[in-house]
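Me: Hi, I'm new to this one and would like a quick tour. Could you take a look at it with me?

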Amino acid sequence: MSSVLRIALQKNGRLSEDSYQLFKECGIRFDYGTGKLKSVSSNFPAEFLFLRDDDIPGYVEDGVADLGIVGENVAVETGRPVTTIHKLGFSKCRLSIAVPRGVDWTGIQHLDGKNIATSYPNLLGKYLAEQGVRAEIHEISGSVEIAPSIGLAEAVCDIVSSGSTLLSNGLKEVETIFRSEAILIARPQLDADKQSLVDKLLFRIKSVQAAKNNKYIVLNAPNHALDEITALLPGMKSPTVTPLATEGWSSVHSVLNENEFWENIEAIRAAGAEGILVIPIEKMIY
């Protein structure tokens, strides 16, 4: 196959390290470092372009790149006609409104007639319109948090991860208007060869994601409690049960989803399971 996927990645910042780690876990090798503009994979038909995050949707729309990894907030804000083909589950954040800590916040109507500084005028404007709030939006490209202290605006709307930046600038988060994570976007109408490569890439990504969301469980169970214990460990198809040398006991091997882990482990222990081992899974292929 002679086709090569061109994939746009953020060259530095919040998404870059997580994106590189994802491809590494997918077994795709390429050089990555400060100052590089592009890199070719040595073991997968892909070329990587390192760009500013705001530019990635445009490069994908124009066909310069076939795929891109970008924050969902950026994709929606730019409004480019690209296709979201997969949510990646990392670099989660939220777009929130914040006001000075001393303000008595009474709800979104508090902003009626006020000035709001943001780097996301489209997302903010849409939200305010839905809430029936008329406010003046001041678009600025960086250091949004200082706007209230210099008298530019009474509130800000910016990306929040931990909230520490807001606190250090005397602000408090009062309203979340959009939740975001990294997404894989594609240009419309990829040819058959490139779509085949995208399918292969998605297969790897989904296998890595499934592994992160599950744990491999090995435990010893009394035979009289096997039905109760295996019911709590459905696995990928069903648990593996093998007899132990100790009469009346069996070893149970299975897979347990991270979201159900602690609740089910407590129930499994209560049913009589012992010697429970929890092992990370590197890849998980259905």
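Me: How far apart do the C-alpha centres of domain 2 and domain 3 lie?
Reply: Their C-alpha centres are 49 Å apart. Before we go on, this is a predicted model, where local features need pLDDT of at least 70, side-chain atom pairs count only at pLDDT 80 or more, and totals for chains, interfaces and linings use all residues. Residues are numbered from 1 along each chain as its sequence is written, and side-chain values use heavy atoms, with hydrogens and water left out.

Me: OK, and which residues make up each domain?
Reply: Domain 1 comes in two pieces, 5-90 + 181-211. Domain 2 covers 93-179, and domain 3 covers 214-280. Those bounds come from an automatic or database domain assignment.

Me: What does UniProt place at residues 211-283?
Reply: The unreviewed UniProt entry has "domain: Histidine biosynthesis HisG C-terminal" there. UniProt positions are in the numbering used here, feature names are shortened, and annotations may be inferred rather than shown by experiment. Over residues 211-283 the chain is 25% helix and 40% strand, with the end C-alpha atoms 5 Å apart. Helices (H or I, at least four residues) and strands (E, at least two) are DSSP runs, numbered from the N terminus.

Me: And which annotation covers residues 52-206?
Reply: That one is "domain: ATP phosphoribosyltransferase catalytic", again from an unreviewed entry in UniProt. Over 52-206 you get 28% helix and 30% strand, and the end C-alpha atoms are 26 Å apart.

Me: Switching to the inside: which residues touch the most other members of the largest nonpolar core?
Reply: Ile7, Phe23, Phe48 and Ile69 do, in a core of 27 residues. A nonpolar core here is a set of buried Ala, Val, Leu, Ile, Met, Phe, Trp, Tyr and Cys residues joined through side-chain atoms within 4.5 Å. Buried means under 20% relative accessible area, exposed means over 50%, and partly exposed is in between (1.4 Å probe, protein chains only).

Me: Which elements give two or more residues to this core?
Reply: They are strand 1 (5-10), helix 1 (14-25), strand 3 (46-51), strand 4 (67-71), strand 11 (182-186) and helix 6 (192-212). Helix 6 provides the largest share, six residues. There's also a second, separate core of 19 residues, with Cys93, Trp105, Leu111 and Cys157 among them.

Me: Which residues of helix 8 are buried?
Reply: In helix 8 (residues 261-270), Phe261, Asn264, Ile265 and Ile268 are buried. Looking down the axis, they fall within an arc of 105 degrees, so they line one face of the helix. That arc is taken from the directions from the helix axis to the C-beta atoms.

Me: What's on the face turned away from the buried side of helix 8?
Reply: Trp262, Glu263, Glu266 and Ala270, which are exposed. The buried residues of helix 8 are covered by elements including strand 12 (214-222), helix 7 (226-231), strand 14 (249-257) and strand 15 (274-280). Just after helix 8, Gly272 has a positive phi of about 115 degrees.

Me: How many aromatic pairs are in the whole structure?
Reply: Eight. Rings of Phe, Tyr and Trp (its six-membered ring) pair if their centres lie within 6.5 Å; planes under 30 degrees apart count as stacked, over 60 as edge-to-face and the rest as tilted. Tyr20 and Tyr32 are a stacked pair, 4.7 Å centre to centre with 15 degrees between the planes. Tyr20 is in helix 1 and Tyr32 is in the loop between helix 1 and strand 2 (38-40), so the pair ties together parts that are 12 residues apart in sequence.

Me: Which residues do ring pairs link into a cluster?
Reply: Tyr20, Phe23, Phe30, Tyr32, Phe48 and Phe50.

Me: New topic: is Val82 buried or exposed?
Reply: Val82 is buried, at 18% relative accessible area. Val82 sits in the loop between helix 3 (72-78) and strand 5 (83-87).

Me: What does Val82 touch?
Reply: Leaving out residues up to four places away in sequence, Val82 touches Pro57, Val60, Glu61, Ile185 and Ala186. Contact means heavy atoms within 4.5 Å. The C-alpha atoms of Val82 and Pro188 are separated by 6.5 Å, with the two residues 106 apart along the chain.

Me: Last one: where does Gln189 lie?
Reply: Gln189 is in the loop between strand 11 and helix 6. Gln189 is exposed, with a relative accessible area of 77%, and has a positive phi of about 60 degrees although it is not a glycine.
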